[in-house]
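Trainee: I have a new model to read. Where do I start?
Mentor: Let us look at it together.

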Amino acid sequence: MAAVLVLTRVIDDRRGLDGLLDGANALGDVMRLSPPDRSLVRAIVTCALRHRGEIQPSLAQQFDRPPPKNARHLIHTLHVAAAQILYLDVPDSAAVDLAVTQIASDQRSKRFKALANAVLRGLVRQKEQGPLVLKEPLARLNTPDWFFKRLRTSYGKDKALAIGEAHLLEPVIDLQVKADPKDWAQRLGGIHLFGNTIRVNQRGDVSQWDGYSEGAWWVQDAAAALPVNLLGPLAGKAVCDLCAAPGGKSAQMANAGGSVTALEISDNRRKRLAQNMDRLGFDVSIVAGDLLTWEPPDQFDAVLLDAPCSSTGTIRRHPDVAWTKDADTILELAALQKSMVLRAASFVKPGGVLVFANCSIDRAEGEDVYSQIVKLGPEVTGLNADPITADDVYGMDELVTGQHTLRSLPIHGRAFEAPEASSPAQAARFKGLDGFFAGRFCKIR
């Protein structure tokens, strides 16, 4: 079963789910699947990761004694089956039979065939009796210890739990449109949030949606669309998007009339960036290079650095992040981000704007890096802090921090109203934003 293999790579090897399922580095077993089957694998593994913390005690109650820790194939197979039994629209008998067959066919695990059958059938009976009583809230169970500790330190226990609850809701899709957002929201059965951002509840292959082939829009979370707005008017200006792939922010800059240079170090990501710009019809200069060594021929009026980060702000959409990162990773990335900001400052003309952003929810990668840059002083960095106000983010003052930076959390955007015909469950999915940070600087010399 491909889902078991993918889950194994995520948990045991700490590999990202997208890389395992898409592109040049996707697993061979996955690449051989049809597009619908690959989508099913993604849905199963995403569900297993989103609910991993509650699946573990649910399965544990069905064992007389814990399975051996090195029985990884057994454990991952049970998790995949449990996700289908407890949360997905898969017949219980099919989920059980497929898992038992998978275990029986594996030389390392076939001795556990009877055990797996008993555990999963016990899980089915438990489900029929009603929800399992668990010792902690689901928001806490499904948040790994290392991550919950950092959330609690940054935001307090109540907000940390609220963020965990938001991560349990599969979000709907946000689109950035070139023009006429209210019209596109109506055409796609969604809502207009702000600017050119709309939110829709469609499912399936986005390439088949109205407007895709014409290049009328691209997928981009609402929070991810905000940093470009902080650059100010871009028409006729030379602008640079650093670490640019997959290109959503480059597209925003081009759509705003900027002359865009997009820097990207990865060959594969650069190809994806080029494909996206071609579909959208934007003339963007794509450059291969490492930000830390690149020498641009000229300075820019505005530079956006969406820096590499832990991506913990995207856990609503990518629950694998919580299980593949750790505190050490965050601190290493924060140090890299500081170096990148200082390097990016040299790309900006005097009087120009530099925006540092990333999709981490951890203060170490956002507020703390920004504070360190400010403390170095303009005589060292050539940068002055440029305060962000609610007017810069469409009046959403909840997104503006005490240090006058932008901080979005999954618990923000609760006022977004779903279309009138939406069910309560759909309405809940229309709430929230990805976690994002952005700080703005002005170049003084």
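Mentor: Start with a definition. Two strands pair if DSSP finds at least two bridges between them. Keep in mind that this model is predicted.

Trainee: What is the order of the four strands in the open sheet?
Mentor: The order reads S2-S3-S1-S4, and the pairing is antiparallel.

Trainee: Which strands are the edge strands?
Mentor: An edge strand pairs on one side only. Here these are S2, residues 191-194, and S4, residues 217-219. From one strand to the next, the twist averages 35°.

Trainee: Over how many bridges do S2 and S3 pair?
Mentor: Three, in the antiparallel sense. S3 covers residues 197-200. Take Ile191 as a case: its bridge partner in S3 is Arg199.

Trainee: Which helix lies across S1 and S4?
Mentor: That is H14, residues 248-255. S1 spans 173-177. H14 runs at about 155° to S4.

Trainee: Now the helices. How is a packed pair described?
Mentor: Two packed helices are described by the angle between their axes and the distance between the axes. Now apply that to H5 (residues 52-60) and H6 (residues 72-87). Their axes come within 10 Å and cross at roughly 100°. Angles of 65 to 115 degrees count as roughly perpendicular, so H5 is roughly perpendicular to H6.

Trainee: Which residues in H5 and H6 meet?
Mentor: From H5, the list is Arg52, Glu54, Ile55, Gln56, Ser58 and Leu59. They meet Leu78, His79, Ala82, Ala83, Leu86 and Tyr87 in H6.

Trainee: How do the residues of this contact divide?
Mentor: Seven are nonpolar, three polar and two charged.

Methods. Residues are numbered from 1 along each chain as its sequence is written. This is a predicted model: local features need pLDDT of at least 70, side-chain atom pairs count only at pLDDT 80 or more; totals for chains, interfaces and linings use all residues. Side-chain values use heavy atoms; hydrogens and water are left out. Helices (H or I, at least four residues) and strands (E, at least two) are DSSP runs, numbered from the N terminus. Axes are lines fitted to C-alpha atoms, for helices over the stretch in contact, and angles run from 0 to 180 degrees between N-to-C directions. Contact means heavy atoms within 4.5 Å. Angles under 35 degrees count as roughly parallel, over 145 as roughly antiparallel, 65 to 115 as roughly perpendicular and the rest as oblique. Ala, Val, Leu, Ile, Met, Phe, Trp, Tyr, Cys and Pro count as nonpolar, Asp, Glu, Lys and Arg as charged, and the others, Gly among them, as polar.
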